Amino acid sequence: MAGAWAVLVAAGRGERLGEDRPKAFTRLGELPLLAEPMRRLDESEPVDGIVVVAPPGWEEPTILLAEQIGASKVSACVAGGASRAESVRAGLDEVPADAVAVLVHDAARPILPPEVVERLLAALGEGFDGAVPGLPVSDTVKRTAGGVVVETLARDELVAVQTPQAFVASVLRAAFAASDDWSRATDCASLVEAAGGRVKVVSGDERLLKVTTPADLARVEGFLDG
């Protein structure tokens with residue numbers, strides 16, 4: 001699908017990493033963590049441009065990092081908001097009006113296999129409003145209330161969803177506009193679903209690990225070394 005833009009959300013604080021800087025600027029090898037997903041999106045053939053949502057006050061270091069690694073598709077850098085949804089909205093506002101598709105990706109998942117992007121955009125080409133990568137849930141999941149089990153959910157009907165999430169650009173914009181409570185959304189797919197959009201789940205990837213703790217960072221480094 002031509003005309004795809006990426007919103008790279010990198011505004012998380014990352015307190016659990018125990019660093020004195022935002023998560024996106026924690027070291028991953030010789031460079032800040034942000035460099036890896038930025039480079040991979042820049043090298044993705046279907047991606048025409050990238051908007052980076054940086055931690056407030058870190059816009060200039062973000063632009064300098066893009067220049068350092070030669071990420072020429074980075075067209076804008078904006079400060080993130082108080083919630084993830086507010087950060088996504090700030091980035092989406094910088095995506096050109098004529099963009100056909102938007103990929104929303106969390107910088108906290110630095111390893112982005114190109115085949116995941118291909119699967120997501122292929123789903124949009126099939127006529128879906130959105131697409132998300134998902135992995136089967138291996139643990140039994142129970143719904144509780146006040147510490148008491150209310151329901152045991154059917155595991156074969158559940159997936160753990162990752163990013164990037166891909167959407168028809170006009171559908172994603174309309175979903176934000178239609179929601180009265182969009183700032184509380186934990187992912188963009190929930191907004192599109194609430195607006196009546198059809199979202200397909202495609203195969204995710206174990207390497208799309210979200211960095212939350214030092215142990216996660218070590219695992220990602222292991223993937224890169226491997």
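**Stop 1: helix H2 and its end**

Select Gly 70, which follows H2 and has a positive phi, near 75°. Most residues other than glycine have a negative phi, and most peptide bonds are trans. The model is predicted, and local features need pLDDT of at least 70, side-chain atom pairs count only at pLDDT 80 or more, while totals for chains, interfaces and linings use all residues. Residues are numbered from 1 along each chain as its sequence is written, and side-chain values use heavy atoms, with hydrogens and water left out. Helices (H or I, at least four residues) and strands (E, at least two) are DSSP runs, numbered from the N terminus.

Now select H2 itself, residues 59-69, and colour Thr 62, Leu 65 and Ala 66, which are its buried residues. They cover an arc of only 100° around the axis, which puts them on the same side of H2; the arc is that of the directions from the helix axis to the C-beta atoms. Buried means under 20% relative accessible area, exposed over 50%, and partly exposed in between (1.4 Å probe, protein chains only). Turn to the face of H2 directed away from the buried side to find the exposed residues Glu 60, Glu 67 and Gln 68. The buried residues of H2 pack against strand E3 (31-32), helix H1 (35-43), strand E4 (47-54) and E5, where contact means heavy atoms within 4.5 Å.

**Stop 2: H1 against H2**

The axes of H1 and H2 come within 10 Å and cross at roughly 55°. That makes H1 oblique to H2. Axes are lines fitted to C-alpha atoms, for helices over the stretch in contact, and angles run from 0 to 180 degrees between N-to-C directions. Angles under 35 degrees count as roughly parallel, over 145 as roughly antiparallel, 65 to 115 as roughly perpendicular and the rest as oblique. Show side chains at this contact: Ala 35, Met 38 and Arg 39 of H1 meet Thr 62, Leu 65, Ala 66 and Ile 69 of H2.

**Stop 3: Ser 75 in E5**

Move to Ser 75, in strand E5 (residues 74-79). Ser 75 is partly exposed, with a relative accessible area of 47%. Its contacts, not counting residues up to four places away in sequence, are Trp 5, Ile 50 and Val 51. Ser 75 and Ile 50 lie 25 residues apart in sequence but 5.9 Å apart in space, C-alpha to C-alpha.

**Stop 4: H3 against H5**

Select helix H3 (residues 84-92) together with helix H5 (residues 169-178); their axes come within 12 Å and cross at roughly 130°. That makes H3 oblique to H5. Here Ala 85, Val 88, Arg 89 and Leu 92 in H3 meet Leu 172, Arg 173 and Phe 176 in H5.

**Stop 5: helix H4**

Select residues 114-125, the twelve residues of H4. Its buried residues are Val 116, Val 117, Leu 120, Leu 121, Ala 123 and Leu 124. Seen down the axis of H4, these fall within an arc of 150°, so they line one face of the helix. On the other side, Pro 114, Glu 118 and Gly 125 are exposed. The cover over the buried residues of H4 includes strands E1 (4-9), E6 (101-106), E7 (130-136), E11 (165-168) and E12 (199-203).

**Stop 6: a cis peptide bond**

Finish at Pro 164, in the loop between strand E10 (159-161) and E11. A cis peptide bond joins Thr 163 to Pro 164, with omega about 10°.

Methods. Expected span 1.5 Å × (residues − 1).
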